[in-house]
Amino acid sequence: MIEIIEKKSRFIGYSAQISSEDEAKAFIADLARQHKRANHVTFAYVLSNTARYNDDGEPRGTAGLPLFNAITRRGLDNMVVVVVRYFGGTLLGKGGLMRAYGKAAGKALDEIVK
């Protein structure tokens, strides 16, 4: 788990190796339960035959896609990354969101792929 702060918003990143889509969904659901008060629980996962990502209410392409890109740029497979956002009151704009989500995802993946 990693945490970054961008303009008072907390971005908490998690990653895990997975072997199935069910495992990815269980990992995401568990984190969503842990962070019930979070504004957004975004995710991406990549398996050999499946890839999914979700913005969870953030503007389209600003959360899930940066997470997905963080996985694929590293050439990873069988990996899930989740970034939880607690809104801090300041809008970040599309570019700011993409950078913050991408940074949190990258750091979370770096923690597991050392």
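Helix α2 is followed by G75, whose phi is positive, near 70°. The model is predicted, and local features were considered only at pLDDT of at least 70, side-chain atom pairs only at pLDDT 80 or more, while totals for chains, interfaces and linings use all residues. Residues are numbered from 1 along each chain as its sequence is written, and side-chain values use heavy atoms, with hydrogens and water left out. Helices (DSSP runs of H or I, at least four residues) and strands (DSSP runs of E, at least two) are numbered from the N terminus.

Helix α2 comprises residues 64-73 and helix α3 residues 93-112. The two helices pack at an angle of about 40°, and their axes lie 8 Å apart. Here the axes are lines fitted to C-alpha atoms, for helices over the stretch in contact, and the angle, on a scale from 0 to 180 degrees, is taken between N-to-C directions. On the α2 side, the contact (heavy atoms within 4.5 Å) is made by P66, L67, A70 and I71. On the α3 side, M98, Y101, G102, A105, G106 and L109 take part. Eight of the residues in this contact are nonpolar, two are polar and none is charged. In this classification Ala, Val, Leu, Ile, Met, Phe, Trp, Tyr, Cys and Pro are nonpolar, Asp, Glu, Lys and Arg are charged, and the others, Gly among them, are polar.

Burial was assigned from relative accessible area (buried under 20%, exposed over 50%, partly exposed in between; 1.4 Å probe, protein chains only). In α2, the buried residues are G64, P66, L67, F68, A70 and I71, and they pack against β3, β4 (51-54), β5 and α3. In α3, burial applies to G96, L97, A100, Y101, A104, A105, G106, A108 and L109. These α3 residues pack against β1 (2-6), β2 (9-17), β3 (40-46), α2 and β5 (79-86). An α-helix has 3.6 residues a turn, so residues three or four places apart point the same way.

The length of α3 was also examined. Its 20 residues should span 28 Å at 1.5 Å a residue, and the end C-alpha atoms are 29 Å apart, which agrees. The expected span is 1.5 Å times one less than the number of residues. Within α3 lies I112, which counts as partly exposed because its relative accessibility is 35%. Not counting residues up to four places away in sequence, I112 touches S15, A16, Q17 and M79.

Strand β2 contains S9, which counts as buried because its relative accessibility is 0%. The side chain of S9 makes a polar contact of 3.1 Å with the side chain of R85. Such a contact is a pair of N or O atoms within 3.5 Å; within protein, one must be able to donate a hydrogen and the other to accept it, and residues adjacent in sequence count only if both atoms are side-chain atoms.

Most residues other than glycine have a negative phi. K8, in the loop between β1 and β2, has a positive phi of about 75° although it is not a glycine. K8 counts as exposed because its relative accessibility is 65%. N78, in the loop between α2 and β5, is likewise not a glycine and has a positive phi of about 55°. At 30% relative accessibility, N78 counts as partly exposed.
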